[in-house]
Amino acid sequence: MECEKFFKKFLENISLDSTRFKRIEDAISALKTFVSNDKEKGENGESGIKDMLIEMFSQGSYAIGTCIKPANDNEEFDVDMVLSLSLEKTVNIPAKPKLSPKKILGWLEKRLKQNENYKDRIKEPKPRCVRINYKGDFHLDIVPVMPVCNKDGVLWIPDKSEGWDKTDPKGFI
């Protein structure tokens with residue numbers, strides 16, 4: 001019984017509280033609303049996110065319910081979001097995408113920064129995602145991906161060397 005008491009206290013200390021869960025859910029909901037409505041052509045004629053959106057879903061520790069609060073109050077944690085997009089001209093992509101992750105991430109960052117809620121929250125470029133900061137609490141990492149031809153659930157994801165890797169985030173969940 002002593003061990004159970006200590007474990008419950010430990011769990012209480014590392015678990016996210018309801019206020020943090022609410023902030024995360026509100027941030028995800030706002031992002032989904034923006035992505036679903038971003039259809040205006042950009043100043044250079046580029047498409048909106050909605051035009052290319054296949055689906056958006058969470059992945060990682062938040063998706064599987066193991067997200068914990070940081071050990072120190074001044075540290076942030078991340079919530080990973082996958083943005084599955086149809087960015088190539090053809091649906092049947094036989095090989096790795098021709099578009100560079102850097103170009104796609106730049107386009108996505110530009111689209112997000114057009115929104116008042118995000119323009120001041122996106123600071124430093126990341127090699128695999130666009131990060132939306134919720135200061136002093138958490139950040140949303142938005143990872144653009146593209147489906148791999150004829151492989152259910154397998155996606156092309158930016159790798160750290162500016163190329164592409166295959167992954168299956170829903171399979172991991």
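Q: In this predicted model, which residue of E4 is the bridge partner of Met 81?
A: Start with the two strands involved: E2 covers residues 77–85, and E4 covers residues 138–147. They run parallel, with eight bridges joining them. Within that pairing, the E4 partner of Met 81 is Ile 142.

Q: And on the E1 side, which residue of E2 is the bridge partner of Ser 58?
A: Strand E1 takes in residues 53–59 and is joined to E2 by six bridges. This time the two strands run antiparallel. Follow the bridge from Ser 58 into E2 and you land on Met 81.

Q: How many of the nine residues of strand E2 are buried?
A: E2 pairs with E1 in antiparallel fashion and with E4 in parallel fashion. Buried here means under 20% relative accessible area. By that cut-off strand E2 is mostly covered, and the count of buried residues is eight.

Q: What percentage of the residues of the whole chain count as buried?
A: Zooming out, the chain has six helices and six strands, in the order α-α-α-β-α-β-α-β-β-β-β-α. Its C-alpha trace spans about 60 × 35 × 25 Å along the principal axes. Of its 173 residues, the buried share is 42%.

Q: How far apart are the mean positions of the positive and negative charges of the chain?
A: First, the surface: the chain exposes about 10,500 Å², with carbon and sulfur atoms supplying 51% of it. As for charges, there are 30 positive and 29 negative ones. The separation between their mean positions is 3 Å.

Note on methods
Residues numbered from 1 in each chain as written. Predicted model: local features only at pLDDT ≥ 70, side-chain atom pairs only at ≥ 80, totals over all residues. Heavy atoms only, no water. Helix = DSSP H or I, 4+ residues; strand = E, 2+ residues; numbered from the N terminus. Buried < 20%, exposed > 50% of the residue type's maximum accessible area, 1.4 Å probe, protein only. Areas by Shrake-Rupley, 256 points an atom, 1.4 Å probe, with all protein chains shown as cover. Lys, Arg positive; Asp, Glu negative; His and termini not counted. Charge placed at Lys NZ, Arg CZ, Asp CG, Glu CD. Pairing = 2+ DSSP bridges.
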